[in-house]
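Subject: Structure for you to look at

Hello,

I am passing on the structure we talked about.

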Amino acid sequence: MGENGQVKPTAQPIYDELKKQILSGERAPGEPLRQDEIARQYGVSKIPVREALMKLEVDGFVLIRKNKGATVREVSATEILNIMDIRVALECKALELSIPNMIASDIELAGTILDDYSKHSDPEQWSDMNLRFHHALYEPCSNPLLLRMISDLQQRIGPQLRLLVTTVTGLERPQAEHAAILEACRVGDGGKAVELLRKHIETTKKETAAKLRRIDKRI
């Protein structure tokens with residue numbers, strides 16, 4: 001890697017593609033990342049592959065162990081819950097900034113997503129709709145850096161763990177809370193909307209923590 005932790009131009013496309021595959025779930029947690037296979041795939045030597053993997057390790061996506069090579073990093077239960085704590089701060093701030101900028105079409109879009117949300121019975125679809133709903137609420141904040149930080153945290157959890165969280169929380173409780181948050185946004189009550197969002201995320205965290213404890217006891 002070069003200065004400031006940046007990978008060299010020859011390694012950047014490999015870094016970008018591997019990161020995309022990890023975030024999408026195409027490469028599962030714990031999966032080996034073999035330098036020779038990746039080098040053949042991209043038609044390069046092992047050097048840019050090694051640089052890309054080192055950068056991915058610095059950024060928290062890959063674990064490199066001596067004599068064992070690189071694997072996709074698994075997100076621990078503690079890290080999941082820590083991420084949800086950070087979500088509270090970032091997402092509440094985004095909503096606070098969004099509400100003064102919201103127009104009728106923003107409320108309409110979020111409402112349409114909620115209506116579609118309730119029509120589905122597949123938790124995987126709930127997970128996708130949940131992301132879309134929250135993004136619709138935060139997008140008017142007009143702070144691209146804040147939105148990117150929120151998106152990065154959501155992606156860091158990964159699709160499998162997001163699905164676990166969605167399955168644990170179910171449909172009825174989150175949907176009722178989503179509707180209450182949206183109504184507070186509609187009437188312009190920023191304080192109430194932010195407090196409802198805070199409780200919404202914190203309740204999800206508690207339910208997720210309980211599920212993770214039960215999983216740990218079975219292992």
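This is a predicted model: local features need pLDDT of at least 70, side-chain atom pairs count only at pLDDT 80 or more; totals for chains, interfaces and linings use all residues.

The chain holds 10 helices and three strands. Read from the N terminus, the order of elements is α-β-α-α-β-β-α-α-α-α-α-α-α. The C-alpha trace spans about 60 × 45 × 30 Å along its principal axes.

Helix H4

H4 covers residues 77-98. With 22 residues at 1.5 Å each, H4 should span 32 Å, and the distance of 31 Å between its end C-alpha atoms agrees with that.

H4 packs on H7 (residues 144-157): their axes come within 10 Å and cross at roughly 155°. Because an angle over 145° counts as roughly antiparallel, H4 is roughly antiparallel to H7. The crossing of these two helices is left-handed. On the H4 side, the contact is made by Glu79, Ile83, Ile86, Arg87, Leu90, Glu91, Lys93, Ala94 and Leu97.

An α-helix has 3.6 residues a turn, so residues three or four places apart point the same way.

Helices H5 and H9

H5 (residues 104-119) and H9 (residues 172-186) have axes 11 Å apart and pack at an angle of about 165°. That angle makes H5 roughly antiparallel to H9. H5 passes H9 in a left-handed crossing. From H5, the residues in the contact are Ile107, Ala110, Gly111, Leu114, Tyr117 and Ser118. From H9 they are Gln175, His178, Ala179, Leu182, Cys185 and Arg186. Seven of the residues in this contact are nonpolar, four are polar and one is charged.

Helices H1 and H2

H1 (residues 12-24) and H2 (residues 35-42) cross at roughly 115°, and their axes come within 12 Å. This makes H1 roughly perpendicular to H2. H1 passes H2 in a right-handed crossing. Ile14, Glu17, Leu18 and Gln21 of H1 meet Ile38, Gln41 and Tyr42 of H2. The classes here are four nonpolar, two polar and one charged.

Regards

Key: Residues are numbered from 1 along each chain as its sequence is written. Side-chain values use heavy atoms; hydrogens and water are left out. Axes are lines fitted to C-alpha atoms, for helices over the stretch in contact, and angles run from 0 to 180 degrees between N-to-C directions. Helices (H or I, at least four residues) and strands (E, at least two) are DSSP runs, numbered from the N terminus. Angles under 35 degrees count as roughly parallel, over 145 as roughly antiparallel, 65 to 115 as roughly perpendicular and the rest as oblique. A crossing is left-handed if the near helix is turned anticlockwise from the far one by less than a right angle, and right-handed if clockwise. Contact means heavy atoms within 4.5 Å. Ala, Val, Leu, Ile, Met, Phe, Trp, Tyr, Cys and Pro count as nonpolar, Asp, Glu, Lys and Arg as charged, and the others, Gly among them, as polar. The expected span of a helix is 1.5 Å times one less than its number of residues.
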